[in-house]
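Let's take a walk through a protein fold together, one piece at a time. Have the picture ready and follow along as we go.

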Amino acid sequence: MSAILLDSDLVHYEVLGRGKPVLFLHSWIGSWRYWIPNMQYVSNKFRAYSMDMWGYGDSAKNRKYSIKEQTELVVQFLDKLGIFKIAIVGHGLGALLAIELAKIMPDLVDRILAVSIPFEREMITPRLNNNSAADYMDFLVSKGMDVNAVMTEIPKTDQNAVIAISTESSHIDINPTINLDIGCLFVHGKNDPFISLPNSNQILQLPEKHHEIIFDQSGHFPMLEESSKFNRLLIDFLTLETGKNVREISLKEEWKRIVR
């Protein structure tokens with residue numbers, strides 16, 4: 001276990017590999033742990049970091065749970081580790097934080113892979129406001145999905161963190177399609193019960209450097225439900241030459257067939 005102190009509060013993180021840095025940010029449910037297979041997959045080419053947000057996993061339960069405070073946590077974490085340019089892979093809440101970070105510190109973020117991100121607040125299920133963290137798994141779990149990495153960390157979650165973020169998310173304007181001057185790849189599971197799919201107009205309005213891909217057999221956790229496909233896409237995204245259009249990335253037919 002690795003940890004740093006920020007204003008006397010403990011931040012838990014893990015790191016694997018060597019190379020250019022990439023940061024994995026978890027969703028409203030779970031912790032850093034479910035990113036382990038993806039971190040291992042990219043670790044031969046990249047230095048993969050993952051961290052627990054305030055209120056999650058082994059990080060401090062300190063009531064600093066707003067989107068602004070969680071985003072500031074990421075800023076301070078990267079500064080503490082001496083990282084000044086990074087690719088971010090964010091899931092749900094983590095994807096929202098990645099977008100917010102790119103808005104306020106555009107020079108810090110090289111590119112974003114945003115998984116299961118809402119394009120507007122109405123895309124978030126009302127159940128996010130009404131359930132405990134453990135209850136979410138009743139409708140998030142998909143057939144054949146390995147949930148141990150998610151379930152084992154749920155008891156560590158401060159429910160106040162989930163409530164704070166869900167309440168704030170239902171009242172703010174969420175606009176990940178803002179014209180950021182970086183490559184942004186959006187991944188959605190076709191069967192996600194938590195986040196609705198973006199509509200055709202929202203896809204058409206994506207800026208030139210943004211692109212969306214749908215995983216037909218996934219719900220809220222494409223990285224766990226279609227792991228081989230997700231990892232291949234992840235590597236394609238991370239190794240895309242800086243300045244290249246992210247729309248050049250697709251689910252290549254030759255390996256889509258292999259990993260079905």
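The expected span of a helix is 1.5 Å times one less than its number of residues. Keep that rule in mind as you look at this predicted model. Helix H10 covers residues 227-239, which makes 13 residues, so it should span 18 Å; its end C-alpha atoms are 18 Å apart, in agreement with the rule. Now try helix H3, residues 93-104. With twelve residues, H3 reaches 17 Å from its first C-alpha to its last, close to the expected 16 Å.

How much of H3 is covered? Nine of the twelve residues of H3 are buried, among them Leu93, Leu96, Leu97 and Leu101. H10 has buried residues too, including Phe230, Leu234 and Phe237.

Next, let's turn to the strands. Eight of them form an open sheet with mixed pairing, in the order E1-E2-E4-E3-E5-E6-E7-E8. Which strands stand at the edges? They are E1 and E8 (210-215); each has a single partner strand, so one side of each is left without a neighbour in the sheet. On average, neighbouring strands are turned by 25° against each other, with direction ignored.

Zoom in on the E1 end. Strand E1 (residues 2-6) runs antiparallel to E2, and five bridges join the two. Along this pairing, Ala3 has His12 as its bridge partner in E2, while Ile4 is partnered by Val11. Two residues lie between the strands in this hairpin, where Asp7 takes a positive phi near 50°. E2 also pairs with strand E4 (residues 46-51), again in the antiparallel sense, over four bridges. There you can find Leu16 opposite Ala48 in E4. As you trace a strand, remember that in a regular strand the side chains alternate between the two faces of the sheet.

H2 touches E1, E2, E3, E4 and strand E5 (86-91), and its direction makes about 110° with that of E1. H10 lies across E3, E4, E5, E6 (109-115), E7 and E8, running at about 160° to E6.

Now for the aromatic rings. A pair of aromatic rings is described by the distance of the centres and the angle of the planes. The structure holds seven aromatic pairs. In one of them, the rings of Tyr13 and Phe77 have centres 5.2 Å apart and planes at 70°; planes over 60 degrees apart count as edge-to-face, so this pair is edge-to-face. Tyr13 belongs to strand E2 (residues 9-16) and Phe77 to helix H2 (residues 67-80), so the pair ties together parts that are 64 residues apart in sequence. Tyr13 is buried, with a relative accessible area of 12%, and Phe77 is buried at 0%.

Trp28 and Phe194 make another pair: their ring centres are 5.6 Å apart and their planes stand at 50°, so the pair is tilted. Trp28 lies in the loop between E3 (20-25) and H1 (36-42), and Phe194 in the loop between E7 (183-189) and H8 (200-204), so this pair ties together parts that are 166 residues apart in sequence. Trp28 is buried, with a relative accessible area of 0%, and Phe194 is buried at 1%. Elsewhere, Phe24, Tyr34, Trp35 and Phe221 form one aromatic cluster.

Charges can meet rings as well. The charged end of Arg111 sits over the ring of Phe237, 5.9 Å from its centre. Lys229 lies over the face of Phe215, at 5.3 Å from the ring centre.

Definitions and conventions
Residues are numbered from 1 along each chain as its sequence is written. This is a predicted model: local features need pLDDT of at least 70, side-chain atom pairs count only at pLDDT 80 or more; totals for chains, interfaces and linings use all residues. Side-chain values use heavy atoms; hydrogens and water are left out. Rings of Phe, Tyr and Trp (its six-membered ring) pair if their centres lie within 6.5 Å; planes under 30 degrees apart count as stacked, over 60 as edge-to-face and the rest as tilted. Buried means under 20% relative accessible area, exposed over 50%, partly exposed in between (1.4 Å probe, protein chains only). A charge sits over a ring if NZ of Lys or CZ of Arg is within 6 Å of the ring centre and within 35 degrees of the ring normal. Two strands pair if DSSP finds at least two bridges between them. Axes are lines fitted to C-alpha atoms, for helices over the stretch in contact, and angles run from 0 to 180 degrees between N-to-C directions. Contact means heavy atoms within 4.5 Å.
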